Amino acid sequence: MNLNSIKVEYNACDDKDDNGASSSSGGVHKVCMPPHRTTFQKLRQRLSEIFFPDNPLHRFKNQTGLRKFVLGLQFFFPIFEWGPKYNLSLLRSDIISGITIASLSIPQGISYAKLANLPPIIGLYSSFVPPLIYSLLGSSRHLAVGPVSIASLVMGTMLSQVVQYSKEPTLYLQLAFTSTLFAGLLQAAMGFFRLGFIIDFLSKATLLGFMAGAAVIVSLQQLKGLLGIVHFTNKMQIIPVLTSVFTHKDEWSWQTVLMGVCFLIFLLTTRQISARNPKLFWISAAAPLVSVILSTVIAYSIKSHTHAIQTIGHLPKGINPPSVNMLHFGGPHLALALKVGIITGILALTEGIAVGRTFAAMQNYQVDGNKEMIALGLMNMVGSCSSCFVTTGSFSRSAVSYNAGGKTVVSNIVMAATVLITLLFLMPLFHYTPNLILAAIIITAVIGLIDYQAAFRLWKVDKLDCVACLSSFFGVLFISVPIGLAIAVGISVFKILLHVTRPNTNVLGYIPSTRSFQSISRYSTAVRIPSFLIIAVEAPFYFANSTYLQERTFRWIREEEERVKANNEPAIKCVIIDMTAVTAIDTSGIDTICELRRLLEKRSLKLVLANPVGNVMEKLFNSNSLEAFGLDGLYLTVSEAVDDISSSWKPEKPEP
């Protein structure tokens, strides 16, 4: 091994070369202390990194007062940023996109309202006001907002377990609107206080299993409409649902089954056509509205011959009535409304931001997650006061908007205008729309949430992620939607704790013809350095893992001593801990390192630290721990440590 012998010092970095690299006249590299900062400066930087990683105020620097005012308007109301650049070409694209997604949102809005056990008209109300609010505040150009299957399912499930709409419709509506208000407050508060990292606890694996389980439950629940069953269970577990289906076989209607299966096949076929050829996106986008029209015509034509096919019935005309007086802030059900609001709010937020970021990445622009939270939150807060339930960005409608050529959120305004025309003039046409078509539309929408291929990939890549996915899936199927989600989140948190408390450690070896030390279990060419044991720690030194790291280090030493003895190699004299990946340390970690040094000294082993990062170095220095290590206890790199220490062992200098 031909490594330059370089002495490491740590007290100061007095000399710097032209490039700012620390050096001395003798070519000695020093382990430098970070620049001095007060406690307030450290706290401010840390909070800035936590809550403002994107530095949202950088645009305001060195600007005039008027310019800052304009930038402030653009920051809080993105419409002021893209509005002045809007032109007729963009308007033409947005009109086409808006009308296209309206043809999808109208039947979906009615269907998802039924999914939430709400009157169908609430679904149309929720497709009118929220898109208008989002178009003023949202930062995504392609996000199409409205009711979505997951939030509708969770709201309907959780509320129906306590209150039945058929028995207490007024109370049910009060709880739905109040839950929507709480969801909006939560979303807006998370955005305002920049707490978006909280939703990261809903990992992709967790959501994958949750959505798949919810999709199965939702699909089975729609058998009520597809089979024409009148009496059906209100429970959402798979066993009660299937039991209810076969217990009420005498209520099955062959006319309903025949028509429902035919339209279901039609919808699934159009979905497959569009999936295989994205240019034919309009086929699946128009299919729900076409199905509604055809099924309504058929139901109206045969109404005089049979009453077996159940229809929606009367839907009131007119725009959203105010619902402020229906917000429910007292009584025994307030906790239920709060719980439903929190869960649906987080789920809606997760879906909306994920969809917005997906399409932003495709078009090479950025979506501000915190601004999106505020936009979605205010949208739901206003919606709760105008007879709307929880809404967010819909993946299916956003995909249709994107494929239809939508350029800005004006497509949401066009969609809302189309829904407005429907509310004012076309509501009587839905009187004979059969329930079976709503069930078929819901099944078609949610079946795409079952991604078994992604589950297989999870099993290949990360078994613990797959366990979280399956736990969420089976928890939703056999227990309940919120408990299934809670189980999956619990497993995800356990995974985090596992990585923190049991971090990876590796023994490093020298790769010939390089200055690199890498894991000997990973690289077959890595060579052990005689008399040295080099250990890399790949995590912060915290109270939660300090005891484990100490025990694991002694185990590495014991195993290395056994190997050395078995192969008649020189005994270990020095243990080097590569701290490159140790990004932080606390007092417990410092005490552990000091204790480890004392215990190794009793065994005539030298402990050396290599490449401690700035804040770790600062804490070691402030705790006076560095005094015990001395000038030859800290090195800039592992290679310098090996070369410098081995040079003092002249009779046994290693030659790898």
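How many bridges join strand 3 to strand 5, and in which sense do the two strands run? Three bridges join strand 3 (residues 505-510) to strand 5, and the two run antiparallel; strands count as paired if DSSP finds at least two bridges between them. This is a predicted model, in which local features need pLDDT of at least 70 and side-chain atom pairs count only at pLDDT 80 or more, while totals for chains, interfaces and linings use all residues. Residues are numbered from 1 along each chain as its sequence is written, and side-chain values use heavy atoms, with hydrogens and water left out.

**The protein as a whole**

- The protein has 26 helices and eight strands, where helices (H or I, at least four residues) and strands (E, at least two) are DSSP runs numbered from the N terminus.
- Taken along the principal axes, the box filled by the C-alpha atoms is roughly 105 × 65 × 55 Å.
- Of the 656 residues in the protein, 51% are buried, a term that stands for under 20% relative accessible area, with exposed meaning over 50% and partly exposed lying in between (1.4 Å probe, protein chains only).
- Among the contacts with a separation of 6 or more, 77% come from residues 24 or more positions apart, a contact being heavy atoms within 4.5 Å.

- Together with helix 22 (residues 546-566), strands 5 and 6 make a right-handed β-α-β unit, which is to say that, with the strands pointing away from the viewer, the path from the first strand over the helix to the second runs clockwise.

**Helix 8 and the annotated regions**

- Helix 8 (residues 169-192) has 24 residues and should span 34 Å at 1.5 Å a residue, which agrees with the 34 Å between its end C-alpha atoms; the expected span is 1.5 Å times one less than the number of residues.
- Because 18 of the 24 residues of helix 8 are buried, helix 8 is largely enclosed by the rest of the structure.
- An unreviewed UniProt entry lists several stretches as "transmembrane region", including residues 171-193, 205-232 and 252-268, although such annotations may be inferred rather than shown by experiment.
- Residues 205-232 are 79% helix and 0% strand, with end C-alpha atoms 32 Å apart, and residues 252-268 are 88% helix and 0% strand, with end C-alpha atoms 23 Å apart.

**Residues with positive phi**

- Ser-531, found in the loop between strand 4 (517-519) and strand 5, has a positive phi of about 75° although it is not a glycine, and at 4% relative accessibility Ser-531 counts as buried.
- Asn-611, in the loop between strand 7 (606-610) and helix 24 (614-622), is likewise not a glycine and has a positive phi near 55°, and with a relative accessible area of 27% Asn-611 is partly exposed.
- Arg-194, which follows helix 8, has a positive phi near 55°.
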